[in-house]
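Open the structure in your viewer and keep the sequence at hand. The tour below moves from one selection to the next and says what is found at each stop.

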Amino acid sequence: MANYKSASPYQEFGRALAEPLTIASIGAVALTEGIRFLYGQATDLLRRMRARREGEAVEGEVFVDGGNALDGPIGMVQIDYARATEQNESIRELSRSLSEYAEGIEPIDPENATLVQSAHALRQLLETVYGRRITLRGENRERSGAKVDVEITAVQVDGYVAAVRAKRVGNVDVSARMRVDTVNAGGETVGLDVDDLG
């Protein structure tokens, strides 16, 4: 995945512009809540990163409460600080570009393409750092929640191997891929092994 180092703060990295800008369709009220949420998460993340640089102990796992801004719960997330550090300048730049909107200084207009693209870019950076989907309320997009993307490659398997093994999977988007050259006698490979899909 390429580093986010473009001249404009909303040219997104990786899957960036391939995804439709569905944020623009949710209306001013929902967009206002969404931008406040994204800005709040970004500033909290930046504070945590600063604290880590200064040698303070900072929890890697945090609870993310989407409140009325999101279409579903996110819950506990494990922050990828390596990815966050890599994208630090981009997160800071996008946060600055949204600050006056998030703080109510400037009005939020879904027709403002620059604003919508900045919010979309910041959302994707946060999704990458959190490892979770973040979908705003009313957005025509897959629901908020965990994203599990696992790929296993093995030359041979003698015992039991599962790409994803979980007791319960709720609001989760799971992608499990497995490539094995040889499964020996008595071996077993499973892409997804879940006790409860409730």
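Start by selecting Glu 59, which sits in the loop between α1 and β1 (61–64). Helices (H or I, at least four residues) and strands (E, at least two) are DSSP runs, numbered from the N terminus. Glu 59 is exposed, at a relative accessible area of 58%. Here buried means under 20% relative accessible area, exposed over 50%, and partly exposed in between (1.4 Å probe, protein chains only).

Two notes on reading the model: it is predicted, local features need pLDDT of at least 70, side-chain atom pairs count only at pLDDT 80 or more, and totals for chains, interfaces and linings use all residues. Residues are numbered from 1 along each chain as its sequence is written, and side-chain values use heavy atoms, with hydrogens and water left out.

**Along helix α1**

Next, select Ala 30 in helix α1. Ala 30 has 9% relative accessibility and so counts as buried. Show Leu 136 as well; Ala 30 and Leu 136 are 106 residues apart in sequence, while their C-alpha atoms are 7.4 Å apart in space.

How many salt bridges does a search of the whole structure find? The search gives 3, where a salt bridge is a side-chain nitrogen of Lys or Arg within 4 Å of a carboxyl oxygen of Asp or Glu. Side chains of opposite charge can pair when their charged atoms come close.

Select Arg 36 and Glu 33 to see one of these bridges, with 3.7 Å between the closest N and O atoms. The two residues are 3 apart in helix α1 (residues 28–53), so about one helical turn separates them. Arg 36 is partly exposed at 41% relative accessibility, and Glu 33 is also partly exposed, at 30%.

Move along to Arg 48 and Asp 44, whose side chains form a salt bridge at 3.1 Å, N to O. Arg 48 and Asp 44 are 4 residues apart in helix α1, which means a separation of about one helical turn. Asp 44 is partly exposed, with 30% relative accessibility.

**The positive patch**

Now select Arg 47, Arg 50, Arg 53, Arg 92 and Arg 96, which form a patch of positive charge on the surface. Patches are made of residues with over 30% relative accessible area and no salt bridge, and like charges are joined within 9 Å. Elements giving two or more residues to this patch are α1 and α3 (88–102). The largest share, 3 residues, is from α1.

**Between β3 and β4**

Select Glu 139 and Arg 123, whose side chains meet in a salt bridge at 2.7 Å, N to O. This pair links distant parts of the chain, 16 residues apart: Glu 139 is in the loop between β3 and β4, and Arg 123 is in helix α4 (residues 113–130). Are Glu 139 and Arg 123 buried or exposed? Both are buried.

Finish at Ser 144, in the loop between β3 (132–133) and β4 (145–157). Ser 144 counts as buried because its relative accessibility is 0%. Show Thr 135 too: the side chain of Ser 144 reaches the backbone nitrogen of Thr 135 at 2.8 Å.

Definitions and conventions: A polar contact is a pair of N or O atoms within 3.5 Å; within protein, one must be able to donate a hydrogen and the other to accept it, and residues adjacent in sequence count only if both atoms are side-chain atoms. Patches are made of residues with over 30% relative accessible area and no salt bridge: like charges are joined within 9 Å, nonpolar side chains (Val, Leu, Ile, Met, Phe, Trp, Tyr) within 5 Å. Accessible areas come from the Shrake-Rupley method with a 1.4 Å probe; for residues, only the protein chains shown count as cover. Lys and Arg count as positive and Asp and Glu as negative; His and the chain ends are not counted. The place of a charge is taken as NZ of Lys, CZ of Arg, CG of Asp or CD of Glu.
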